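The sequence and the structure come first.

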Amino acid sequence: MIPHGLRAPALALAGVSLIALLASPAAAQTTAAVPAAPVAAAAADTAEAPEVVVTGSRIRNRDFETANPVVSISAARIQETGETNLTQYLQRLPALIGSFGPTQAAGGSGVLGIGQTGLNELNLRNLGTSRTLVLIDGRRQVGAEPGVASVDINTIPTDLVERVDVLTGGASAIYGADGVTGVVNFVLKKNFQGLTVRAQNGISDYGDGAQRLFSATWGQNFGGGRGNIAVAFEYARNERLASADRPYLVGSNVPTFQNNPNGTTPSRVPLTNIRYYDSSRQGGVDLDFDGLPDYTGTGQPWNPGSFVPDFYQQGGSGTLTTDYRGDILPQVTRYIGNVVTHYDFSDKFSVYAEAKYAHTISYSVDQPTFDYYILINPDNPYIPDTLKPLVADSGGALLNRDNFDLGVRGERIIRNTVRGVLGAKGDLSSHLRYDASYTYSQNKITNHFIGDQYTDRFFSAIDAVSDGHGGVTCRINLDPTALPDQPYSSRTLPDAPLSFSPGSCVPLNLFGEGSPSQAAKNFISVNTTDHSKLTQQVATASLNGDTGAFFNLPGGPVGFALGAEWRRETSKDVPDIVAQQGLTFTNVTPISKGHFDVKEVFGEVDVPLLRDVPLARLLDIGGAVRFSDYSTVGHTTTWQFNGKYSPIRDITFRGTYAQAVRAPNIGELFAPNGQDFEFINDPCAAANVNLGKSTRAANCQALLSGLGVADPSTFADLNSANIPGLLGGNSSLREETARTWTVGAVLQPHWIPGLTFSADWYDIRLKNAISYATAQQLADLCVDQPTIDNQFCAQVERNNGGSQPGKIVGFTRLPQNVASYVTSGLDVDVNYILKPNWNYGSFNFHLVGNYLNKLQLIGIPGADPTDYRGTQELPAPKYQFNLDLSWTIRKLTLAYNLNWFSHTLRYSNDTVNADPNHTAPEYKYIKARAQHDIYASYDVSEKFQVFAGINDFTNPKPAFAALNYPDDPLGRFFFVGAKVKLDKLF
C-alpha cells in the first residue's frame with residue numbers, strides 16, 4: 001500500500017528499484033553437487049557434525065547430494081564483503097537481484113509501502129518476495145509484515161551463520177507452500193567452542209552513510225562433550241542517507257526525462273530545472289478558479305516558465321520535482337541475541353533447542369504533505385496586502401502548496417521478533433532416524449508514523465479571521481458552528497467528530513514558505529502509532545533413513561524420508577484510532593486480522609540404481625510428494641521428480657521436475673477494504689495512447705467517447721497527485737500452482753585439479769498467480785485488452801461528463817487468481833582453486849553468472865505478455881555475473897571482486913516496441929553496472945586478525961537522469977575491522 005500524498009514521479013527513474021549488488025572479494029558460491037571448499041572453510045569454526053543436512057532434501061546421509069542446483073555462500077566470504085547486512089551481500093547473486101534491500105526500504109525508493117521502512121526481504125528469480133521461502137536450519141520463521149509471510153533478513157545474525165544455501169526450483173514437496181521459485185536456507189553454526197569477537201566500522205568517501213557492526217559468539221561443550229551451548233550477540237547500525245546528501249541528485253541542474261515540449265520525436269527528452277506547474281513551496285494562488293496559480297503565496301506574479309506536458313514546467317515559480325526525493329538509505333539499528341544448544345543423552349535420544357530475540361529500529365523520511373485547491377476566504381488576514389483586493393473581487397481564491405515547512409513525513413518502526421525451537425532426534429537403528437520439533441515465532445511491530453496532520457484541524461486552522469482586537473484567530477473559535485468547509489480540496493474531510501474543541505484552534509498562515517508558526521504546526525500535527533502482531537507455530541515429526549538393513553540396489557540402499565507437519569499462522573494489525581477514523585492526511589486504515597492452519601503429510605525417496613559400474617559411476621532417481629489440507633483453500637498436492645547420472649568421475653548430469661504451490665497469505669485473503677492512494681499516468685492521455693498494446697488506441701477512443709470526451713485524440717489528464725482508491729483482500733482466492741524444471745551438468749575434470757564447472761537451465765511457469773495489480777496496471781490493463789468489456793475497467797472509476805469528463809477519480813484493488821509468470825535462464829558456476837607446489841600461496845577464481853532467457857507476466861489468460869527481460873523495472877538484466885579473485889599467502893589474503901550486469905532498457909519493452917523513437921538512441925539504455933571491490937586481511941596471530949577493504953572503489957554515480965540505479969549513491973565505501981578468536985574463554 002503506497003501512502004497518501006506521494007507526488008507524481010516527475011523523474012523518469014524516480015522510484016526505480018536500485019538493487020544494491022555490492023560486490024564481495026573472494027565470494028565463494030558453489031553448487032551443492034560438488035563438495036564445496038567454502039562450506040568447509042565456514043565449518044572451520046565448528047566441530048564436524050555427524051551428518052550433513054542438505055538443503056532441498058530431508059534425507060540425511062553423509063554421502064547424499066541433491067539433484068537441485070544449490071549455490072552455497074560461506075560465512076568467511078560474507079565477512080570479506082564488508083557488508084554488515086546479509087541482504088546487501090545476497091543481492092549480488094543473479095538469482096536474488098530483485099530482492100528488497102536497504103535501498104528499496106528507504107523513503108525515497110518509490111516502492112516503499114506503509115510499514116516497510118528498513119525491511120530486508122528476498123526475491124528469488126524476480127517473482128516476488130511472497131514466493132521465496134526463507135528457512136533457518138530448514139525451519140520457518142514468522143513474517144515481517146502484517147498479513148505477509150516474507151521474512152525480514154535483518155533478524156538473522158550475520159556472524160552466527162555458517163553458510164547460506166540458495167536453491168532454485170519448486171521446493172514445496174520438501175518444505176511446504178511458498179517455495180514456488182526456490183528456497184534460501186540459512187544454516188547456523190553448531191558445536192561452537194570458544195569465543196569469537198568481531199568489530200567493524202565503515203564510512204563513505206563523502207563522510208556519511210556510516211555502518212557499524214559488533215558481534216560476539218561464545219560456545220562451550222559440556223557433559224563430557226555430549227552437549228554444547230552457543231550464545232551469540234550482534235549489534236549493527238547503518239546510518240540514514242538523504243538525497244540531499246548527494247548534490248548531483250537535487251537542485252535545478254539535475255536532468256530528468258520528460259515528454260518532449262515540442263511534440264516531436266523523440267517522445268521523451270532530458271530536461272533540467274523541472275518543476276510542478278501548479279504548486280509551490282510558498283503557495284500558488286489561483287484567482288480565477290481555473291486550477292492554475294496566478295500569483296505566488298508572497299504576492300508576486302506567478303512565473304509559469306515553459307510548459308512541459310503533462311503537468312510540469314521548466315523554470316518558473318513551481319516546486320522543483322527533485323525536492324520531493326526522499327531518503328536513499330534508511331537508518332537501521334539491530335540488536336540480536338541467539339542461544340543454540342543440544343545434549344545427546346545417547347545415540348537414540350538427543351534434545352536440541354534454539355532461542356532468538358531480535359530488536360530492530362528503522363527510520364526514514366520521504367515527502368511532506370501537499371494541498372491543491374484550498375479555498376481561501378476573502379476575510380483571511382494572512383492574505384498578502386497586494387492580493388487582498390484581487391481576492392475580494394474574486395470572492396475568494398484557491399491555494400496550491402507543497403508544505404515542506406510543516407515537516408516531512410516518515411516512519412520509525414520497532415520490530416521485536418522472538419523465535420524458539422525445541423526438538424528431539426535420534427537413531428532408532430543404524431538405518432533409521434527420527435526428528436520431531438516444535439517452532440514458535442512471534443513478531444510484534446510498533447510503527448510510529450511521523451509528520452502526519454489532522455485534516456479537520458488543518459482546515460479549521462487555515463480558515464483564519466480577525467479576532468476583533470488586532471489579532472488573528474480561527475473562525476471556529478468565534479463561531480463553533482463554522483465547521484471546516486473545503487469543497488475543492490485534494491484532502492477529504494472525514495465524516496467523524498472533530499478532533500479538537502472549538503476555542504482551541506490555532507490559526508495557520510500558508511502564504512509564503514516559513515510563515516506557519518510553531519504553535520500552529522503543533523496544533524495540526526500528529527504522530528500516530530500502529531500495533532501489529534504475527535505468530536507462527538510449526539510442529540514437525542519425521543523419519544528418515546535407508547533400506548540397507550534389508551534391501552539394496554546395485555547402487556546401494558534406497559534412502560527415504562516421511563513425516564507430518566502442522567502449521568498455524570495468525571496476523572493482527574491495529575492502526576492508531578486516529579488513522580482508523582480517517583482523521584489524518586494519510587490513508588484510512590481499518591483493523592485487519594486473520595489466521596489459517598494447515599495439516600500435511602510428506603514423503604521422499606532416493607533410489608540409487610547404479611554405482612561404480614562401467615558407464616555409470618552413479619545413477620540415481622528420486623521423488624517427493626506432499627499432501628496438504630488448508631483451512632482456507634482446502635486440499636493441495638505437490639510433488640517432485642529428480643535424477644542424477646554420472647557416466648564417469650569427471651561429469652554429472654542432473655535434473656528436476658516439480659509441481660509447487662503457494663497458498664494465499666492472510667492479507668490477501670482477509671484484509672478489509674482500506675484507503676489507498678496511487679499515482680496513475682492515464683494510458684488514454686494523448687502522450688500515452690500509442691505506448692501500449694495494439695488495442696489501446698481504439699479502446700481509449702470508445703471509453704472516452706462514452707464518458708463525454710469531445711475529442712479523445714487530444715485527451716490529457718492533468719492530475720499531478722495521487723488518486724484515492726480502495727485496497728482489500730479476497731476470501732475466494734485459490735492457491736497458485738507452478739511447474740518448474742531444471743537440467744544441468746557438473747564438470748570436475750581430473751586433469752585440472754581444483755576446477756569445478758556447473759551449468760543449469762531453469763524454467764518456472766506459474767499459473768493462477770495472485771495478482772495485486774497496482775492502480776497503474778489496472779488502468780493499463782483496462783485498455784490493453786481486446787475490448788473494454790473486462791474486469792479491469794470495472795475497477796477503474798472515471799468521471800462521466802462534468803467539467804473533466806474521462807478523468808480517473810478512483811480505483812479498487814483486489815487480489816485475483818488471474819496472472820501467470822514465466823521465467824527461464826541459464827546459471828553458470830565456475831570455481832578454480834589453484835594450490836601450486838611453491839611458496840607463493842594459493843589462488844582462487846570464482847564466477848557465478850546468469851543468462852536471462854525469459855521473464856514475462858501475463859495479466860489475465862489470453863492477454864499479451866508483458867516482457868521484463870532486459871529492463872530496469874525489477875531489474876532484469878539479460879546477463880550478469882559476480883567474479884572473485886583471491887590470493888592467500890601465509891598470513892595475508894588479498895581479494896578483488898567485480899559485480900557486473902549488462903545494460904538495461906530505460907523504458908519498458910512495450911513502450912520501446914510501440915514507440916522506437918521514445919528516446920534518442922544514446923538514452924535508450926541505462927549503462928551496465930560494474931562495481932569493483934578490494935579487500936585485505938592479515939592474521940597477526942592465530943587469535944587475532946585485522947582486515948580492511950574498499951567497496952565501489954571507482955566511485956561510480958547512478959546513471960544519467962537516474963536516482964539510484966544501477967549504482968548505489970552511497971559511493972566509494974571504506975571499512976576496517978578486527979576479529980579475535982579464543983579457543984577457550986576460561
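The model is predicted. In it, ring pairs link Tyr276, Phe311, Tyr312, Tyr324, Phe370, Tyr372, Tyr373, Phe404, Phe585 and Phe679 into a cluster.

**Aromatic rings**

A pair of aromatic rings is described by the distance of the centres and the angle of the planes. Rings count as a pair if their centres lie within 6.5 Å, and by this rule the count comes to 29 aromatic pairs. One of them is formed by Phe311 and Tyr312, with 4.9 Å from centre to centre and 65° between the planes, an edge-to-face arrangement. Both Phe311 and Tyr312 are buried.

Another pair is Tyr935 with Phe975: the ring centres are 6.5 Å apart and the planes are at 25°, so this pair is stacked. Tyr935 belongs to strand E45 (residues 929-941) and Phe975 to strand E47 (residues 973-982), so the pair ties together parts that are 40 residues apart in sequence. Tyr935 is buried, with a relative accessible area of 4%, and Phe975 also counts as buried, at 2% relative accessibility.

Charged side chains also meet rings. Arg457 lies over the face of Tyr454, 4.2 Å from the ring centre. The ring of Phe458 has the charged end of Arg491 over it, at 3.8 Å from its centre.

**Disulfides**

A disulfide is a covalent bond between the sulfur atoms of two cysteines. How many disulfides does a search of the whole structure find? The search finds 3, and they are set out in the table.

| Disulfide | S to S distance | Angle about the S-S bond | Hand |
|---|---|---|---|
| Cys474 to Cys505 | 2.2 Å | -70° | left-handed |
| Cys684 to Cys700 | 2.1 Å | -80° | left-handed |
| Cys782 to Cys793 | 1.9 Å | 90° | right-handed |

With the bonded cysteines of the chain numbered in sequence order, the pairing is 1-2, 3-4, 5-6.

Cys474 lies in strand E25 (residues 472-474), and Cys505 lies in the loop between helix H7 (475-478) and helix H8 (518-524), so the pair ties together parts that are 31 residues apart in sequence. Cys474 and Cys505 are both buried.

Cys684 counts as buried at 1% relative accessibility, and Cys700 is buried with a relative accessible area of 2%.

Cys782 is buried, as is Cys793.

**Helix H12**

Helix H12 covers residues 775-783, and its buried residues are Ala775, Leu778, Ala779, Leu781, Cys782 and Val783. These buried residues pack against strand E32 (674-678), helix H11 (696-706), strand E36 (796-798) and strand E37 (808-813).

**The chain as a whole**

The chain has 13 helices and 47 strands. Its radius of gyration is 30 Å, close to the 30 Å that the globule rule gives for 986 residues, so the chain is as compact as a globular protein of that length. Along the principal axes, the C-alpha trace spans about 100 × 65 × 55 Å.

Buried residues make up 60% of the 986 residues. Among contacts between residues at least 6 apart in sequence, 74% join residues at least 24 apart. The accessible surface of the chain comes to about 36000 Å², and 57% of this belongs to carbon and sulfur atoms.

Technical notes. Residues numbered from 1 in each chain as written. Predicted model: local features only at pLDDT ≥ 70, side-chain atom pairs only at ≥ 80, totals over all residues. Heavy atoms only, no water. Phe/Tyr/Trp six-rings, centres within 6.5 Å; stacked < 30°, edge-to-face > 60°. Buried < 20%, exposed > 50% of the residue type's maximum accessible area, 1.4 Å probe, protein only. Helix = DSSP H or I, 4+ residues; strand = E, 2+ residues; numbered from the N terminus. Lys NZ or Arg CZ within 6 Å of the ring centre and 35° of its normal. Contact = heavy atoms within 4.5 Å. Rg over C-alpha atoms; globule rule 2.2 N^0.38 Å. Areas by Shrake-Rupley, 256 points an atom, 1.4 Å probe, with all protein chains shown as cover. Disulfide = S-S within 2.5 Å.
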